[in-house]
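Subject: Structure handover

Hello,

Here is the structure you asked to look over. My notes follow below it.

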Amino acid sequence: RQVGAEVLLARFAALQNHYLVVLAAFTLFGVALAGLSTRRWARERTRPAWSLDGLEQRLFEHSPGAVVVTDAFDRILAVNNAYTRMTGYQSEEVVGHDIAFNHAGRQDETFYVAMRESLARRGRWVGEFWLRNKGGEAFADKVTRMRLSGPRNELLGYLTLSMDLLS
């Protein structure tokens, strides 16, 4: 049986319209999924990078030693009250800054290389460090730094605990 050219063109047009409807449906579905993913990503980005509840928060705030939490790039996420007493900097003045913003400059590159190697190899570093308080005065600090790792051993950040040696 032979089909005329007009019938073939009509069937092709119908098939093409069907294809366009399916393509449009998949496009809208993809856009909706992308929108959901984008909104979820945005919500996750606006959450605090870390948070504590109840007892943990009280222990953090009332620890006698300074506590600093940084991300994997060493940007400060949180400091406790002892850090504020020790350095004179309020939390809102330091959160988001690199942890090195108040280093006193008494350590050379060899010192930092050894610290990074210890953190990578052992997951911690202990030593003396020199910082500057808000008034610009240098002071010695006994520091323990620990690597914070995720479930797949990925680097999440660092926890730094310290006691002012001159207090």
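Which residue forms a salt bridge with Glu109? The partner is Arg116, and the closest N and O atoms of the pair are 2.8 Å apart. Please keep in mind that this is a predicted model.

Overall layout

The chain has 167 residues, of which 28% count as buried. It holds five helices and five strands, and in sequence order they follow the pattern α-α-β-β-α-α-α-β-β-β. Among contacts with a separation of 6 or more, 36% are between residues 24 or more positions apart.

Helix 5

Helix 5 covers residues 109-122, which makes 14 residues. From its first C-alpha to its last it reaches 20 Å, close to the 20 Å expected at 1.5 Å a residue. Four of its residues, Tyr112, Met115, Ser118 and Leu119, are buried. They lie on the same side of helix 5, because they cover an arc of only 125° around the axis. The face turned away from that buried side carries the exposed residues Glu109, Thr110, Ala120 and Arg121. After helix 5 comes Gly123, which has a positive phi near 85°.

Strand 1 is largely enclosed by the rest of the structure, because six of its six residues are buried. Both of its faces are covered. Ala66, Val68 and Thr70 are buried on one side, and Val67, Val69 and Asp71 are buried on the other. Strand 1 runs antiparallel to strand 2, and three bridges join the two. Within this pairing, Val69 stands opposite Ala78 of strand 2. The two strands make a hairpin with four residues between them, where Asp74 takes a positive phi near 65°.

His62 is exposed, with a relative accessible area of 62%. His62 and Asn80 are 18 residues apart in sequence, and their C-alpha atoms are 7.6 Å apart in space.

Strands 3 and 4

Strand 3 (residues 124-132) and strand 4 (residues 138-149) run antiparallel and are joined by nine bridges. Val126 stands opposite Thr144 of strand 4. These two strands also form a hairpin, with five residues between them. Gly136 sits in the turn and has a positive phi of about 95°.

Salt bridges

How many salt bridges does a search of the whole structure find? The search finds four, including the Glu109 and Arg116 pair described above. In general terms, side chains of opposite charge can pair when their charged atoms come close.

Another one of them joins Asp71 to Arg75, with the closest N and O atoms 2.8 Å apart. Asp71 is buried, with a relative accessible area of 12%, whereas Arg75 counts as partly exposed at 39%.

A further salt bridge is formed by the side chains of Arg145 and Asp74, at 2.5 Å from N to O. Arg145 lies in strand 4 and Asp74 in the loop between strand 1 (66-71) and strand 2 (76-79), so the pair ties together parts that are 71 residues apart in sequence.

Thr160

Arg145 has a second polar partner to note. Its side chain makes a polar contact with the side chain of Thr160, at 2.9 Å. Thr160 has its place in strand 5 (residues 155-164). At 8% relative accessibility, Thr160 counts as buried. Leaving aside residues up to four places away in sequence, Thr160 touches Ala66, Val67, Val68, Ile99, Val143, Thr144 and Arg145. Of these, Ala66, Val67 and Val68 are among the buried residues of strand 1, and Thr144 is the residue opposite Val126.

Regards

Definitions and conventions
Residues numbered from 1 in each chain as written. Predicted model: local features only at pLDDT ≥ 70, side-chain atom pairs only at ≥ 80, totals over all residues. Heavy atoms only, no water. Expected span 1.5 Å × (residues − 1). Buried < 20%, exposed > 50% of the residue type's maximum accessible area, 1.4 Å probe, protein only. Arc of directions from axis to C-beta. Pairing = 2+ DSSP bridges. Polar contact = N/O pair within 3.5 Å; in protein donor to acceptor, adjacent residues only side chain to side chain. Contact = heavy atoms within 4.5 Å.
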